[in-house]
Amino acid sequence: MEMQPHEILHQPPVSSNEVHNDDVSDNREAEQKQDVSREEVLQTLRVIASTGKFWHDWDKLKSMLSFQLKQVLSEYPEAKLTSEQQYASLGESYIELVNKLDEALTCFIDGPPFTLQRLCEILLDAKGIYPNLSKLALALEKNLLVTSTLTICTDPYPQATAKVLGDQEKTNEKENPQPDTAQNVTAQNGVEPQVPDKDEVMTEADVGDDMTIDMETFEGDKSSETNSEPNASNL
């Protein structure tokens, strides 16, 4: 059944909020289609932001960046404004802005732009760096309007390397415990070491000194008695 012209005119217009809801639904569908979770996306971007290198296939990494880009843009209040308000604030509609930035990202074929590290830094903390969407859009556009690209890194992936080192350290600690010195001596000899007490050493020294003094006194008394005997005979 064909619709009459007047019936077409009475079709309700699509509001910007409905368009935004459709875009959010598209983002959710895109997330479901991805082979990785959002947490893995964020972790991947953190590694790139800290190292300036990338290890993933560019097509897969590109889909991660595209997903995070749309997710970040949708979190700004400008995304929920009416079309008129968006044009007044951004100079274009929200949908036009998202498509423009996403196309600028996906146009890189051979590899990511050499500004990849900065892009990841922005996408990880967009609101903390740029309080409004217009400034964020300018920063993203500036970092995407380049021609030089990066090549995939062949070094070991940082997280994997750290995990292997952490497992090795735990294994070494279990195999080679480090007891203190006293425990080592006890374990080797089976007998706890006897350390002389300082007070006992001092007491023995004092006793030796007292015995020496007493002997000297005894010899002196004996000598006096010997000397006194002739004097008594003379009398």
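Here are legends for a few close-up views of this predicted model. Local features need pLDDT of at least 70 and side-chain atom pairs pLDDT 80 or more, while totals for chains, interfaces and linings use all residues. Residues are numbered from 1 along each chain as its sequence is written, and side-chain values use heavy atoms, with hydrogens and water left out.

**View A. Trp55 meets Tyr157.** Search the whole structure and you get one aromatic pair (ring centres within 6.5 Å, using the six-membered ring of Trp). The ring centres of Trp55 and Tyr157 are 5.3 Å apart and their planes sit at 85°, so this one is edge-to-face (over 60 degrees). Trp55 comes from the loop between α3 (38-51) and α4 (58-74), and Tyr157, 102 residues away, from the loop between α9 (133-144) and α10 (158-175). Helices here are DSSP runs (H or I) of at least four residues, numbered from the N terminus. Trp55 is buried at 16% relative accessible area, whereas Tyr157 is partly exposed at 21%; buried means under 20%, exposed over 50% and partly exposed in between (1.4 Å probe, protein chains only).

**View B. Lys127 over Tyr76.** Lys127 lies over the ring face, 5.6 Å from its centre. To count, NZ of Lys must be within 6 Å of the ring centre and within 35 degrees of the ring normal.

**View C. Lys70 in helix α4.** Lys70 is partly exposed, with a relative accessible area of 23%. Its C-alpha atom is 9.2 Å from that of Leu101, which is 31 residues away along the chain.

Methods. Phe/Tyr/Trp six-rings, centres within 6.5 Å; stacked < 30°, edge-to-face > 60°. Helix = DSSP H or I, 4+ residues; strand = E, 2+ residues; numbered from the N terminus.
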